[in-house]
Amino acid sequence: MNIKIVGGSGYLGNRIHNFLECQNYSVLSSTRRKSNLNRKLIYVDLKSPESINNFCDYDDTVIFSGGMNQATCNNSSTKLLNEEINNFYHFYDECLKKRIKKFIYISTSQVYSEQNELINEESNIFSKDAYTNRHIKAEDYILSNNNKNTQNYIIRLSNAFGPPVNPNTKCWHLAVNDFALNSVIKNQIKIRSDGKQIKNFVDIKYFCEAILFILKQNTKENNIIYNIGGYRSFNIYSVAKLVAERNKLNSGINTNIINKPEIKTNSHKFSFSSKKIVNAGFRKHSKEDLIVEIDNLITFCNKHQLK
């Protein structure tokens with residue numbers, strides 16, 4: 001099976017690419033940048049049918065993890081945001097013309113309201129900012145497709161973390177990554193709030209395994225939506241504490257955790273359910289998965305002497 005990854009030079013795309021290559025898949029990734037190209041990473045213009053046709057072929061599986069991150073998206077002009085979503089529409093239409101086998105779209109759990117006590121694939125979604133709006137528009141466009149030749153999957157991913165392939169990848173603003181980096185280099189973790197906000201976290205290795213499960217999944221269903229998240233949700237302070245504990249085991253050095261009690265956050269408890277994909281045959285997530293990825297993240301920070 002040939003796998004094509006849009007956004008393969010990014011944080012998630014690069015990890016997916018390396019993981020699937022280790023599973024002996026033939027993988028080719030695309031990027032919008034014209035630098036650092038190689039035989040496994042090529043430039044693709046999402047507005048150009050010719051460029052897309054050179055990238056995709058019949059019976060390929062396409063994983064779409066491209067697009068602007070949350071910070072960039074929420075600070076972009078309406079014109080740029082419209083161009084971004086229209087490029088996706090065009091790319092997806094061209095994929096359908098090529099009769100690709102599976103189309104896997106990486107969305108976000110942020111399309112849900114965290115006010116719900118239980119969040120599953122049937123929970124209501126809503127647009128809270130430009131970032132979630134872009135994902136919802138892409139999801140809607142995919143779900144409106146009735147093409148029987150292509151099987152669609154939408155992955156609503158919770159807060160992913162873990163070491164990048166390249167240390168210069170823009171991922172160190174993510175909470176767990178930030179905590180690990182600062183625990184290693186400063187022996188200090190700063191939380192920008194009271195730390196009581198509840199979040200669901202999942203390691204990228206588990207996410208990559210879920211992608212592999214989907215690639216192998218044999219079902220006649222179409223337009224399948226799966227949540228991919230951790231085994232439970234935590235408050236931010238608890239996650240910082242876990243990172244500090246793992247670093248102490250690694251280095252023997254204590255980490256000082258500093259929060260800002262005056263900045264109150266919503267401590268509403270909720271459960272982010274991934275039972276649908278588990279019921280389909282994928283394995284359950286565990287605390288051990290989180291710990292292994294945190295340890296790998298700490299090791300990565302030490303190895304690359306990040307500052």
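Two strands count as paired here if DSSP finds at least two bridges between them. The strands (E, at least two residues) and helices (H or I, at least four) are themselves DSSP runs, numbered from the N terminus. This is a predicted model, in which local features need pLDDT of at least 70 and side-chain atom pairs count only at pLDDT 80 or more, while totals for chains, interfaces and linings use all residues. Residues are numbered from 1 along each chain as its sequence is written, and side-chain values use heavy atoms, with hydrogens and water left out.

**Around strand E4**

Let's start with E4, residues 61-64. Strand E1 (residues 2-6) runs parallel to E4, and four bridges join the two.

Buried means under 20% relative accessible area, exposed means over 50%, and partly exposed is in between (1.4 Å probe, protein chains only).

**A three-stranded sheet**

Further along, three strands make an open sheet with mixed pairing, in the order E8-E10-E12. Strands E8 (159-161) and E12 (233-235) are the edges, each with a single partner strand, so one side of each has no neighbour in the sheet. Ignoring direction, neighbouring strands of this sheet are turned by 50° against each other on average; the axes behind that angle are lines fitted to C-alpha atoms, for helices over the stretch in contact, and angles run from 0 to 180 degrees between N-to-C directions. E8 runs parallel to strand E10 (residues 198-203), with three bridges between them, and Phe 161 stands opposite Asp 203 in E10.

On a 1 Å grid over the protein atoms alone, a cavity is a set of points where a 1.4 Å probe fits but cannot get out, a pocket is an open set with protein on both sides within 12 Å along at least five of seven lines, and lining residues have an atom within 4 Å of a point. Points are joined across faces, edges and corners, and a volume is the space filled by probe spheres set on them. The whole structure has two cavities of 30 Å³ or more.

For the classes below, Ala, Val, Leu, Ile, Met, Phe, Trp, Tyr, Cys and Pro are nonpolar, Asp, Glu, Lys and Arg are charged, and the others, Gly among them, are polar.

| Space | Volume | Lining by class |
|---|---|---|
| Second largest cavity | about 50 Å³ | eight nonpolar, no polar, no charged residues |
| Second largest pocket | about 290 Å³ | five nonpolar, nine polar, three charged residues |

Phe 161 turns up again in the lining of that cavity, as do Phe 201 and Phe 234. Helices H8 (236-251) and H10 (287-304) each supply at least two of its lining residues.

The pocket has 17 lining residues, with Tyr 231, Phe 272, Ser 273, Ser 274 and Lys 275 nearest its centre. Strand E14 (271-272) and helix H9 (275-279) are the elements giving two or more residues to that lining, and H9 has the largest share, three residues.

**Two helix residues**

Ala 130 is in helix H5 (residues 130-143) and counts as partly exposed because its relative accessibility is 22%. Leaving out residues up to four places away in sequence, Ala 130 touches Cys 73, Asn 74 and Leu 81, where contact means heavy atoms within 4.5 Å. Asn 182, in helix H6 (residues 175-185), is buried at 14% relative accessibility.
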